[in-house]
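Subject: Structure handover

Hi,

Here is the structure for you to look over. My notes follow below it.

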Amino acid sequence: MPSNGKPDLSTMADYITKGGVSSVVVMVGAGISTAAGIPDFRSPKTGLYHNLSRLKLPYAEAVFDIDYFRKQPEAFYTLAQELYPGKFKPTLFHSFLKVLEEKGILRRVYTQNIDTLEEIAGVEADKVVYAHGSFAENHCIDCHAEMSKEDLREIMEKDDIPRCKKCKGLVKPDIVFFGENLPARFFKLLDNDLSAADLVIVAGTSLQVHPFASLPSQVSCPRILFNLEAVGDFGRRKTDVIRLGACDEGIRDLADQCGWGKRLTELWESKSKKWKSVEEEEEAGAKTQKEVLKAVNQEAKEEKIDGEDKESKEVEKITEQISGIEIADETSSKETSSKSKV
Ligand code: CNA
């Protein structure tokens with residue numbers, strides 16, 4: 001990479017287009033999908049954790065806690081309805097991934113997202129690693145029997161909670177909950193991908209969930225961050241480029257500077273036309289979610305028969321459980337294979 005002065009997006013565009021780059025690894029999170037209408041977790045006011053506060057979760061990440069799921073599966077299924085693939089169209093950032101693939105330089109996309117918008121944007125399945133699992137398969141959490149996507153979807157559409165046909169246990173999509181291992185494919189590909197990378201692009205993630213959060217610090221090549229805020233150890237290296245702001249704007253800028261702006265627009269428009277407007281989808285989704293929330297709130301009220309005392313004991317119990325969850329720091333995270341929060 002040219003090293004005169006502090007690198008910026010135009011330096012990176014030169015590095016990419018003048019033959020310096022053949023193996024781009026992209027690491028993304030919920031922020032690349034917010035423009036599609038899918039809320040992220042942590043953005044104040046609009047994030048899912050904020051919205052789920054109506055469910056009176058004992059702590060925000062309880063929605064992805066297996067013990068909490070056993071007691072209150074409605075919280076997870078409220079979220080699942082919101083994120084279920086097929087409702088949303090890809091963003092410009094997703095289409096940029098396809099541009100990289102077309103240029104023959106996309107090594108891999110590591111995504112924490114479960115919305116599958118990377119593949120909906122046309123990126124080949126073998127280029128995508130769903131680090132936190134996906135809705136592709138569903139299993140009973142007790143006897144592990146599989147439930148088809150179609151069956152699960154039908155049950156969810158009726159606002160019911162999917163239960164195993166064999167043992168009546170709760171069924172959950174293979175999304176990685178806190179304390180659960182990441183998919184084997186993540187570990188199979190990671191080391192080789194990171195060593196091969198000559199450019200890493202990180203976007204739309206708060207880098208709060210390990211082991212994913214430590215990935216950007218494990219590479220030695222130049223890195224670009226597209227995010228609303230600075231995250232992780234970005235900025236500590238002279239070769240880092242940080243583009244704060246909406247990632248669609250940042251990626252448009254990079255694409256234009258690479259001379260790929262027209263192709264990006266073409267790809268994005270070709271995918272967007274197949275989808276209903278996000279507003280239409282949101283309207284439909286909001287109705288369903290409202291009904292679920294109503295039912296959950298009703299149950300919560302009924303459960304309050306023992307008053308505040310019972311509730312605070314429950315919170316205490318869950319707090320004890322959280323302290324059992326591994327809290328990873330930068331050093332230990334490299335060895336951990338299960339999902340945990342910073
Ligand atoms: P997060 O913790 O909510 O962080 C999102 C980050 O993106 C924050 O730093 C925001 O500032 C930033 N951001 C939000 N909007 C934009 C934007 N338009 N442009 C640039 N930056 C933006 O989400 P993470 O992905 O870091 O957390 C990991 C969790 C989130 C994973 O386990 C996911 O499963 C989970 N999640 C996924 C989805 C999805 O599939 N779309 C949605 C919500 C949560």
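Is Cys-164 buried or exposed? Cys-164 is buried, because its relative accessibility is 4% and the cut-off for buried is under 20%. Bear in mind throughout that this is a predicted model.

Leaving out residues up to four places away in sequence, Cys-164 touches Cys-140, Cys-143, Ala-145, Gly-169 and Val-171.

Cys-167 is in the loop between helix 7 and strand 6 as well. Cys-167 counts as partly exposed, because its relative accessibility is 36%. With residues up to four places away again set aside, Cys-167 touches Cys-140, Asp-142 and Cys-143.

**The annotated histidine**

UniProt, in an unreviewed entry, gives His-132 as "active site". His-132 sits in the loop between strand 3 (128–130) and strand 4 (133–140). His-132 is buried, with a relative accessible area of 5%. Beyond its neighbours within four places in sequence, His-132 has contacts that include Thr-111, Gln-112, Ile-114, Asp-174 and Lys-339.

**The ligand**

There are 30 residues around the ligand. Phe-41, Arg-42, Asp-115, Ser-206 and Glu-229 come nearest.

- Ala-30: a polar backbone atom is 2.8 Å from an oxygen atom of the ligand.
- Ile-114: a backbone N or O atom lies 2.7 Å from an oxygen atom of the ligand.
- Asp-115: a polar side-chain atom lies 2.7 Å from a nitrogen atom of the ligand.

On its own, the ligand has 860 Å² of accessible area, and the protein covers 96% of that. Ile-114 also turns up among the contacts of His-132.

**The nonpolar cores**

In soluble globular proteins, nonpolar side chains tend to be buried together. Here, the largest nonpolar core has 39 residues. Leu-57, Val-63, Phe-64, Phe-76 and Leu-79 touch the most other members. Elements that give two or more residues to this core include helix 2 (48–51), helix 3 (66–71), helix 7 (149–157) and strand 6 (171–175). Helix 4 gives the most, with six residues.

Leu-57 is in contact with Leu-52, Ala-62, Val-63, Tyr-68 and Ala-75, leaving aside neighbours within four places in sequence.

A second, separate core has 36 residues. Val-26, Phe-96, Ile-105 and Trp-260 are among them.

**Helix 1**

Helix 1 covers residues 9–20. Its buried residues are Leu-9, Thr-11, Met-12, Ala-13, Tyr-15 and Ile-16. They pack against strand 7 (199–203), strand 9 (223–227), strand 10 (241–244) and helix 9 (247–258). At the start of helix 1, a side-chain oxygen of Asp-8 comes to within 3.1 Å of the backbone nitrogen of Ser-10.

Best wishes

Conventions:
Residues numbered from 1 in each chain as written. Predicted model: local features only at pLDDT ≥ 70, side-chain atom pairs only at ≥ 80, totals over all residues. Heavy atoms only, no water. UniProt positions renumbered as here; feature names shortened; annotations may be inferred. Helix = DSSP H or I, 4+ residues; strand = E, 2+ residues; numbered from the N terminus. Buried < 20%, exposed > 50% of the residue type's maximum accessible area, 1.4 Å probe, protein only. Contact = heavy atoms within 4.5 Å. Core = buried A, V, L, I, M, F, W, Y, C linked by side-chain atoms within 4.5 Å. Near = heavy atom within 4 Å. Polar contact = N/O pair within 3.5 Å; in protein donor to acceptor, adjacent residues only side chain to side chain. Areas by Shrake-Rupley, 256 points an atom, 1.4 Å probe, with all protein chains shown as cover.
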